[in-house]
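Please read this briefing alongside the sequence and the structure shown below. The points that follow are grouped by topic, for a reader who is meeting this structure for the first time.

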Amino acid sequence: MFRYTCLNPISQKGLELFSDQYTEVKELAAADAVLVRSAKMTELEIPDSVLAIGRAGAGVNNIPVADCAEKGIVVFNTPGANANGVKELVLAGMLLASRDIVGGVEWIKDNQEDPNIGKLAEKQKKQFAGCEISGKKLGIIGLGAIGSMVANAADALGMEVYGYDPYLSIDAAWNLSRNVHHSKNVEEIYEQCDYITIHVPLLDSTKQMLNEEAISKMKEHVVILNFARDLLADEEAIVKALQSGKIKRYVTDFANPVVAGKKGVLVIPHLGASTAEAEENCAIMAVKELRDFLENGNIRNSVNFPNCDMGVCKGRSRVAITHRNIPNMISQFSKILGDEGMNIADMTNKSRGEYAYTLMDMEAEIPGEAIEALESVEGVSRVRVVR
Ligand SMILES: NC(=O)C1=CN([C@@H]2O[C@H](COP(=O)(O)OP(=O)(O)OC[C@H]3O[C@@H](n4cnc5c(N)ncnc54)[C@H](O)[C@@H]3O)[C@@H](O)[C@H]2O)C=CC1
Ligand SMILES: O=C(O)CCC(=O)C(=O)O
């Protein structure tokens, strides 16, 4: 029997994939697995009972990923599952920044009682006029699941698309329209583009990437779109550049006191992934990942441990070990098991940075003493008998 808890509302379409082996619990302390969207887990004490966290979404900056790795808690996300939802909102953001649709709609609301509203609207509309996006240059920083979809859609809408991603995956490269101009440095995006959209994860290396220096290299009246994370931009500098007219519009999916209500800023209340489809896709993927991990020990789409898949256990028992990626671990594990007279039927060991994961199928039940001995190996964070 497994227990899971949801720290945010999670689509029922995903939750219904849990079998009757699973119960939902309210308390984090009582849970084996956690499903989360944007709840700040960095502010929570994560109890040792938690084996895995499923982020129904892409960004994991709300989860203490490194601490979890150290404790042997496997953190999953759902790559690409909400990308289309975000792509569509980015397109909407570009259009809203190009024509004053919001201002126009507000004007109608303010004048709704006027019996001559139709005539008046025709007179007033020029103040809300704008430009088309077709033919304009769009720079995309980060060509992952979202960035590459935005690139292709903008290309189809007639924009000239520049893309910058020094770590571009082969999959993303295959999916990109051949019309997308490959920028080898981000300065080209700053210097050339009328619209700039950022789609990178929030990391130490990307924090405040869109800062005063970056803005100084951009074209006059540039439009900046941020549907990734607010901390990727120095928003004080952005507000200053909006006041001076250097930036025409800043469209952001993240509300905070620096940008809320500021002239030239369009703030959306983090709606990028808030579509029925994205919420379902993310929940379904997260639940499948958690189930495969809890029931089989397999890891798919983790952000702190390597992928590792041995299918369903065909031996008598399976043991899963999270540990540091240091020499001599496998020989210690096999010595402990060998000393207990146990034969390893199948085994996989994978590493990712400082951490590693070992799955072993055994021809017999693993005795408690062997588990204790495995747990006491220096560098082992967790030993779990999966079956
Ligand atoms: N507004 C919303 O509701 C949502 C926001 N997001 C945010 O968008 C981010 C991106 O999401 P996905 O595209 O799904 O992630 P992804 O992991 O598929 O793509 C991120 C891309 O950024 C690239 N990258 C990393 N560092 C870079 C750098 N310094 N310069 C240029 N490229 C760099 C990576 O190589 C990768 O291709 C997430 O990390 C999350 O913060 C994601 C989903 C929903
Ligand atoms: O779950 C959400 O609504 C937030 C989505 C998001 O920001 C992400 O997936 O990174």
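In this predicted model, helix H3 (residues 83-98) and helix H6 (residues 145-156) have axes that come within 9 Å and cross at roughly 50°, and the two helices are therefore oblique to each other.

**Helix H3 against helix H6**

- On the H3 side, the residues Ala83, Asn84, Val86, Lys87, Val90 and Leu91 meet a set in H6 that consists of Ala145, Ile146, Met149, Val150 and Ala153.
- Sorted by class, the residues of this contact of H3 with H6 divide into 9 nonpolar, 1 polar and 1 charged.

**Helix H12 against helix H13**

- Helix H12 (residues 329-339) packs with helix H13 (residues 368-375) at an angle of about 160°, and their axes are 10 Å apart.
- That angle makes H12 roughly antiparallel to H13, because angles over 145 degrees are counted in that way.
- H12 passes H13 in a right-handed crossing, and the contact brings Phe333, Ile336 and Leu337 of H12 together with Ala370, Ala373 and Leu374 of H13.
- The residues of the contact of H12 with H13 comprise 6 nonpolar, no polar and no charged ones.

**The sheet of 5 strands**

- An open sheet is formed by 5 strands in the order S2-S1-S3-S4-S5, and the pairing in this sheet is parallel.
- Its edges are strand S2 (22-24) and strand S5 (74-76), each of which pairs on one side only.
- From one strand to the next, the twist of this sheet averages 20°.
- Strand S4 (residues 52-55) runs parallel to S5 and is joined to it by 3 bridges; Ile53, for instance, has Val75 in S5 as its bridge partner.
- Helix H11 (residues 276-296) packs on this sheet, where it touches strand S1 (2-6), strand S3 (33-36), S4 and S5, and the direction of H11 makes about 165° with that of S4.

**The sheet of 7 strands**

- Another open sheet has 7 strands, which follow the order S8-S7-S6-S9-S10-S11-S12 with parallel pairing.
- Strand S8 (181-182) and strand S12 (265-267) are the edge strands here, and each of them pairs on one side only.
- Strand S9 (residues 195-198) and strand S10 (residues 222-226) run parallel and are joined by 4 bridges, and in S10 the bridge partner of Ile196 is Ile224.
- Helix H10 (residues 235-244) packs on this sheet and touches S10, strand S11 (247-252) and S12, while its direction makes about 140° with that of S11.

**Surroundings of the ligands**

- Ligand 1 is surrounded by 34 residues, of which the closest are Gly59, Gly142, Gly144, Tyr167 and Gly272.
- Which helix gives the most to the shell around ligand 1? That helix is H6, with 3 residues.
- The shell around ligand 1, taken by class, has 19 nonpolar, 12 polar and 3 charged residues.
- Around ligand 2 stand Arg37, Ser38, Gly57, Ala58, Gly59, Asn82, Ala273 and Ser274, and by class this shell has 2 nonpolar, 5 polar and 1 charged residues.

Definitions and conventions
Residues numbered from 1 in each chain as written. Chains lettered and ligands numbered in written order. Predicted model: local features only at pLDDT ≥ 70, side-chain atom pairs only at ≥ 80, totals over all residues. Near = placed C-beta within 6 Å. Nonpolar A, V, L, I, M, F, W, Y, C, P; charged D, E, K, R; others polar. Pairing = 2+ DSSP bridges. Axes fitted to C-alpha atoms, helices over the stretch in contact; angles between N-to-C directions. Contact = placed C-beta atoms within 7 Å. Parallel < 35°, antiparallel > 145°, perpendicular 65-115°, else oblique. Left-handed = near helix turned anticlockwise from the far one by under 90°.
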